Amino acid sequence: RTSPPTAPPPGPPPSETSDLESPMIENIDLAELLHRLVAACTETVTQRGVVFSAEIDREPGRALADPQLLETALAGLLRRALDWLPDAGELFLASHHHPSGPGRGPRARVLLRFHAAATELGREPASDLDGVESSFEFVAAKTAIEALGGDFTLSTGGEREILVLMDLPAPERT
């Protein structure tokens with residue numbers, strides 16, 4: 001008889017969250033980033049007959065954010081929205097600069113609006129809109145936006161409407 005192999009001793013404990021890198025905040029061209037993300041969706045949009053409307057602020061269209069973190073968060077949201085959108089559905093993306101408000105600096109607002117498909121076999125639609133907020137892409141985007149000093153609001157409504165509103169810190173317009 002031989003004894004069963006022993007498990008290796010556990011490795012070092014996970015790093016503390018304080019060891020994670022902080023976002024690298026830069027004055028980024030938000031308009032250019034959003035246009036790039038829209039262009040990346042073109043093939044899917046065409047294949048599925050989706051109407052993808054975008055109203056992207058060009059003047060100056062800037063935000064104070066970590067470009068890689070923000071792009072990853074927004075790309076994930078767009079992919080999930082397209083997954084949940086029915087064929088020939090509508091997706092709306094907009095951005096706008098808001099001047100300083102009481103107790104806050106200027107903000108770059110990004111809005112994403114669409115209607116989720118009804119449950120279909122073989123797809124991952126938002127079958128229960130109350131659970132949308134627990135979708136990985138929505139949780140990741142909320143975490144990223146808040147880490148960048150922004151606000152993330154998710155609203156679900158009638159006719160399976162999903163509305164995402166993100167406000168990011170922005171530079172003053174000159």
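**Ground rules.** The model is predicted, so I keep local features only at pLDDT of at least 70 and side-chain atom pairs only at pLDDT 80 or more, while totals for chains, interfaces and linings use all residues. Residues are numbered from 1 along each chain as its sequence is written, and side-chain values use heavy atoms, with hydrogens and water left out.

**The sheet.** I began with the strands (DSSP runs of E, at least two residues, numbered from the N terminus; helices are runs of H or I, at least four residues). Five of the strands form an open, mixed sheet in the order 2-4-5-7-6. Strands count as paired if DSSP finds at least two bridges between them. At the edges I found strand 2 (51-55) and strand 6, each pairing on one side only. On average, neighbouring strands here are turned by 10 degrees against each other, direction ignored.

**Inside the sheet.** I looked up strand 4 (residues 90-98) and strand 5 (residues 107-115), which pair in the antiparallel sense over eight bridges. L93 has L112 in strand 5 as its bridge partner.

**The hairpin.** Strand 6 (residues 151-157) and strand 7 (residues 161-169) run antiparallel and are joined by seven bridges. G157 stands opposite E161 in strand 7. The two strands form a hairpin with three residues between them, and E159 in the turn has a positive phi of about 55 degrees.

**The helix pair.** Next I checked how helix 3 (residues 67-84) meets helix 4 (residues 136-147): they pack at about 155 degrees, with axes 9 Å apart. Axes are lines fitted to C-alpha atoms, for helices over the stretch in contact, and angles run from 0 to 180 degrees between N-to-C directions. That angle makes helix 3 roughly antiparallel to helix 4 (the term covers angles over 145 degrees). On the helix 3 side the contact includes L69, L70 and A73, and on the helix 4 side A141, A144 and I145 are among the residues (contact means heavy atoms within 4.5 Å).

**Two rings.** Which aromatic pair turns up in the helices? W84 and F138 are stacked, 5.6 Å centre to centre with 10 degrees between the planes (ring centres must lie within 6.5 Å, using the six-membered ring of Trp, and stacked means planes under 30 degrees apart). W84 sits in helix 3 and F138 in helix 4, 54 residues apart.

**Helix on sheet.** Lastly, I saw that helix 4 lies across strand 5, strand 6 and strand 7, at about 150 degrees to strand 6.

Methods:
Angles under 35 degrees count as roughly parallel, over 145 as roughly antiparallel, 65 to 115 as roughly perpendicular and the rest as oblique. Rings of Phe, Tyr and Trp (its six-membered ring) pair if their centres lie within 6.5 Å; planes under 30 degrees apart count as stacked, over 60 as edge-to-face and the rest as tilted.
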